[in-house]
Every structure is written in C-alpha cells, then in structure tokens.
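I opened the notebook to keep track of what I looked up. The entries follow the order in which I looked.

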Amino acid sequence: MKDLSNFLAFLGLLTTVLMAWRQSRPARVRLLALQSLLLAAQAVTIAAFTARWGLLLVAVTLVVLKVWWIPRALTRMGAGEPPRPLEPGRSAGVRLLVVGALIVAAYAVVLPVTASSTLPTRGGIPLAFAMALVGLAVCVTGRDAVGQIFGFLMLENGIFALGLLAAHGLPGLVEAGVFLDVLVVVLVAEALVMQIRDRHASLDVDLLRELRG
Amino acid sequence: MLLAALLLIPLLGTVLLLRAGGRLATVLHAATTLATVTLAGTVSVAVARGATLSGAAGLFRADALSAWMIGLIGVVAGLAACEAPRYAHGAARRFYPFFHLFVFTMLLAVTTDDLGVMWVAVEGTTLASVFLVNFERTRASLEASYKYVLICSVGIALAFLGTVLVYFADVTRFGGGEHALRWTVLQQAAPELPGPIVELAFVFLLVGYGTKAGLAPMHTWLPDAHSEAPAPVSALMSGILLAIGVYAILRFKPIVDVAAGPAIARRWLVGLGLLSMAVAAAFLWNPRHYKRMLAYSSVEHLGLVSLGVGFAGPWGLAGAMLHIANHALAKSVLFLLSGRIRTAYASPEIEAVRGLLGRLPLSGPLFLAAMLALLGLPPFGLFVTEIMIVGAGFAAGHTVAALAALALLVVAFAGVLRALQPMLHGEPGQRARERRTWASLPLIAALVVLLFTGLAWPPGLATTLARISAVVTP
C-alpha cells in the first residue's frame, strides 16, 4: 500500500508541476482531469487497504465532478479564446525554479506533520502539501481569469490529497460540503467569467481595473 | 428544535422567494425576516438565561458566543431587510432569495458545533452573496464580485487546509471518527494535541478566516465588494459577515492556546490587528468615495477587534465582543444611509455630496450621528469599547501596541472627520424627497441602542459578556 500510495502522490505532484509549466489551456484541462483521476485512484487504494468503504463514494464523486464535469466547465469558459494567455509571462525556466523552491519549502514546513503521522500513507504528505502551495502560486500569478480558477482548483486538489494521505479522508458531512463548495464555486466562476467575456471580450484580468484606492 | 427552526426559516424563505415575484415577494420577504429575527431573538434570550441549546445529535449548538452572534445577525438582517425593497424593486428574484440564503449561511456558521461544517458555511456566505454584490451588473460591480469570490475562496481554502491539519492532529492522537471536528470534542482533546501541528494549522486558519474578517493584508477584496454591493448587502457584509470571520478564529483560539501556548495566537492577532488599523488609517486620511470610506473603516474596526482578542483578558475579550456589536449597529446604519445618499446625489464621490443636512433633513442628521458614533465619540458605545480594548492592551503589558492603536485611531478619526465635514454643510441644492419618518425608525432605534451600550449597560449585558469570555478562555 505504501509504495502504491507514494507513487500515486508522486504522479499527482508531477501533474501539478506540468500544469505550472504548460500555458496552453486545453493541455491544463487534461492535466487537471488526470490529477483528479489520480486522486480518485488514491482514494480507492486507501479504501481497499483500510476497509474504509466510504472512500469509494468519495472516489466516484471525484470522477463525476472533477474528472468529468469541471473540465467541461473550464473548456466552456475558455471556448473561442486563444489557448494561451495574451502574452508570455516569465520564462518557463523561472517558473519551474519557483515550483522547485515551493516543493522544498513544503517539505520543510510540513515536517512536524510527517513526523507525527503513523499512517502508511505519510510519505505522500509533503507532496500533497506542495501540490497545494504550487496551486496557490499559480492562482495568485494567473494572468487570465481561467488561469486563476485553475490555480484555485489545483490548491483545492492539493488540500484534498492532504486530507486523504494524512487522515484517510474527512468526516462524511464535511467531505460532502467540500464537494458542494467546489461545484458551486465553479458554477459561480463560470457565470462571472462569461459576463467578463461579454463585457471585455477577453479573459485578461488586467482589464479589471475600475476599482482603485 | 429552536435551532432547527432558526435555520429552516430562512432556507424555506429562499426556496419560496425563488418562485415569487412582485407584491407577493415583498410580503414573503417581510414574513421570512420577521420569523428569522424573532427566532434569533428567542435563541439569544434563552441562552442569555443560562441555557446551552443543541440539536441534531449535537451537530448544532448555541452557547453564549453563538447566541451573541445569532442575535447580531438577527438585528443586522432586520435592519437591512427594512431597506431591501427599495433595491430589489423589479428584480426581486435576483435579490430576495440570495438575501435570505446569505442570512441562512451566516446563521449556520455560528450555530454548528462541527468546525468542518462551519467552514462549509463560511464559504457558503461568499457564494450566497456574490450575486448580490453583482446585483447592479455594472463593470465595477462585476469586477468587485469576481475579486470577491476569487480572493475569499482562495483565502477560505487556506482555512480548510488549517482545518484538515487540526483534524489530522486529532486523528493521530484519538483515532478520529465522525465527531473529530466537533468543537466540544476538540476542546477536551486540546491538551493532548501536538503543539507544532496546531500552531501550523492556526497560521492557515488565521490567514483564511482573516481574509473573511477583512484583516490586512488579505483585505483587498473588501472595499470593492462593500462599496459596489447594494446598501442592504453592504450593511450585512460590513456589519456582521466580517465578524463571522473573527468568530471562526475565536472558536479555534482556545484550542490553540491550550495545545501550543497562548503566545502564538496573541502575537499573530495583535500583529494583524495593528497592520489592519495602519492600512485603514492610511486610506482614511484622504478618502474619495464615501462607501469605500465606510468599507476601510470596517478594516480599521475589525483590526481593533483582532487586537482585543489578541490582548485577551476579561476586558480585551468583552471589549472585542461588544465592539463587534457596536460596530455592527453603527456600520449597518451608515451603509443603509449611504444608499439613500447615493440615490439623492447620484454619485459615490464625497466631493459630489454637499449640504447633506439640508438636502436630506432626516437621513442627513442620522448619518452625522451614526458617523460620530462610528468615530468613537462619547456618549456612544464604540467609545467605551475602544477604551476597553486599548485598556486591555495596557493591562496585558502590550504598551507599545496599545499606544500604536491609539495613535492609529486618532489618524483615522481626523481623516474621516475631514471628509465628513464638507459633506454635511454647503449649498444643499434641491431638497430631496425623504421617505416617511417611520421608515427611519429602525435606524433611530439602532442608534439609541448604541447610546445604551455607551452610557448605561442594560442589566445582564455584563454577565453575558463575561460568559462569552469564559467560552473562549481555556
């Protein structure tokens, strides 16, 4: 179980790094779906080895919501727009360097958590934490609306992975609430992004500069 | 039973209002508000008499702290609801359902014992109110609502990270289970929880819920959202929603104090509180829009509340809780009046507003009175609570922080007064049509209550505040 779980967590972080690297929106959508699928696999693995069958339900919800529905919503939001943000930001090299630094930072910060865990899945905890941190960075540096929402979803996936690996899932009621939350956030974001596109004919958030001071 | 009804009424109102329009919508809105406010009052009174209510096998629970917040939500929602029909006019279906859903999520956040459910509810407050911020569908309100939903969702995601870490700390020691995130359970488990993990969790929780509370440097969404939303929504957001962010931090504080030592929460809360006051004072020195001025003043006051919670001690906590109430009353009255000013002058700019006292013969003087209350002048309640909080700082040995807070209060005071003065006087132009006096009665009543919290505490208030302090003191 340990090896399988660690391997899945590693692949999860890899998809995060790739998402931070790639700028093309369709590629990112595919990577996000893949990452969510890996999370579902992680949930199934933990369910199988610890007989927590509630996690199977979590896995099914993950697949329906994050592998199927959210990627479709993201595609709708970006439909007809050029697949890359308007102008290239910093070079890919610098971006990946920042990602690397964040992964190291994640290891350092989360040390007390890893040290006090006795679960076989504890090896993946820093990786999940790094997923969350990189997602946060992608979100705050995002240049277009969909890019920021990507970052948010990556952050969310990272926290979810942390919950799975560190505590083998959260109480059922909370888990359900979190799924509902992600669903509504994406719905709300889609409605707002569509209005922004109507008004500005662009996804560039730099155009949102009415409110200052 | 009482708690279930309190939560079900606004939810039911939401569902019904989705289908209602015209006059029926206004009637339903009034009925839902009346029932919600009555139930909120009943719960507050029941708890003030010494009971602790609970329901749904302990999922819902109202102790002194919850009841205080429930009462405040009731008051602010009642005030805001009175002014709502002016704004919902013609688009009731886009306004009323979200209004009551917003109230529901706030009530849920403060009545649940489960800190995970509380997180879901706090995030729900953002999602329920985002379309209200964008109600007018202008470029500016669209921008404000996008920033609002993005910044608050990211912030609150960090609070979720903190919640997961707390859960992890509990699970490693006690094996977890469905009740592991219950506040009552965690509080008992606190002495056994691993300190470093709880400390790490608290940082994330503070940043996350601090975003909702409008503490600097996570406050950037606040002036935009609060100034672009219709006045009743601004009143709810500034008056009480920010305080719910503080409430969430307060729930975690006793756990952190026990598990990781009291210095951690104190240091962070005092630091963020002072930073918020400084950021607000810098802006308030020269504001251009009156609603943005009110919004930044909320950053200032929530910073002060954060200081009070950080200083702790009997005066600090009681002062912070009463300050939340005073601020809720003064700020919601001011935002509701700013909506009337906006209608009368058709401009959000301070420069465009001249001769307010003459142009709006009722709302103008009320605005002045509420503004003086907000600035912390005696005999209004905010004067007393500001003294209590600063005094708690001196008592706890935080002389520098308390002095800095005083200085920042003075700067903000001077700035706001400078902006307010020209608004009041000058050529009033054409006298605007004021609505009948009774429409202003709720606002007048709120100001009268502020006099009471300043001049003569009603019987039971001191006991209630002491009981709240006891809840959050380990």
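What covers the buried residues of α1(A)? I found that the cover includes α2 (25-50), α4 (92-109), α6 (125-141) and α7 (145-167) of chain A.

Notes on the model. This is a predicted model, in which local features need pLDDT of at least 70 and side-chain atom pairs count only at pLDDT 80 or more, while totals for chains, interfaces and linings use all residues. Residues are numbered from 1 along each chain as its sequence is written, and chains are lettered from A and ligands numbered from 1 in the order in which they are written.

Entry on α1(A). Helix α1 of chain A covers residues 2-21 and has 20 residues. Helices here are DSSP runs (H or I, at least four residues), numbered from the N terminus. From first to last C-alpha α1(A) reaches 29 Å, close to the expected 28 Å; the expected span is 1.5 Å times one less than the number of residues. I listed its buried residues, among them Leu8(A), Gly12(A), Thr16(A) and Met19(A). Buried means that 20 or more other C-beta atoms, placed from the backbone, lie within 10 Å of the residue's own; exposed means 12 or fewer, and partly exposed is in between. Seen down the axis of α1(A), the buried residues fall within an arc of 150°, so they line one face of the helix. The arc is that of the directions from the helix axis to the C-beta atoms.

Entry on α19(B). Thr464(B), Leu465(B), Ile468(B), Ser469(B) and Val472(B) are its buried residues. They fall within an arc of 140° seen down the axis, so they line one face of α19(B). On the face turned away from that side I found the exposed residues Ala462(B) and Thr463(B). The cover of the buried residues includes α2 (22-48) and α10 (231-260) of chain B.

Entry on the two chains. How many residues of chain B are in contact with chain A? I read 37, against 38 residues of chain A, with contact meaning C-beta atoms, placed from the backbone, within 7 Å. On the side of chain B that touches chain A, α6(B) gives the most, with 20 residues.

Entry on the core. Leu165(B) is one of the residues that touch the most other members of the largest nonpolar core, which has 271 residues. Such a core is a set of buried Ala, Val, Leu, Ile, Met, Phe, Trp, Tyr and Cys residues joined through C-beta atoms within 7 Å. α6(B) gives the most to this core, with 22 residues.

Conventions:
Contact = placed C-beta atoms within 7 Å. Helix = DSSP H or I, 4+ residues; strand = E, 2+ residues; numbered from the N terminus.
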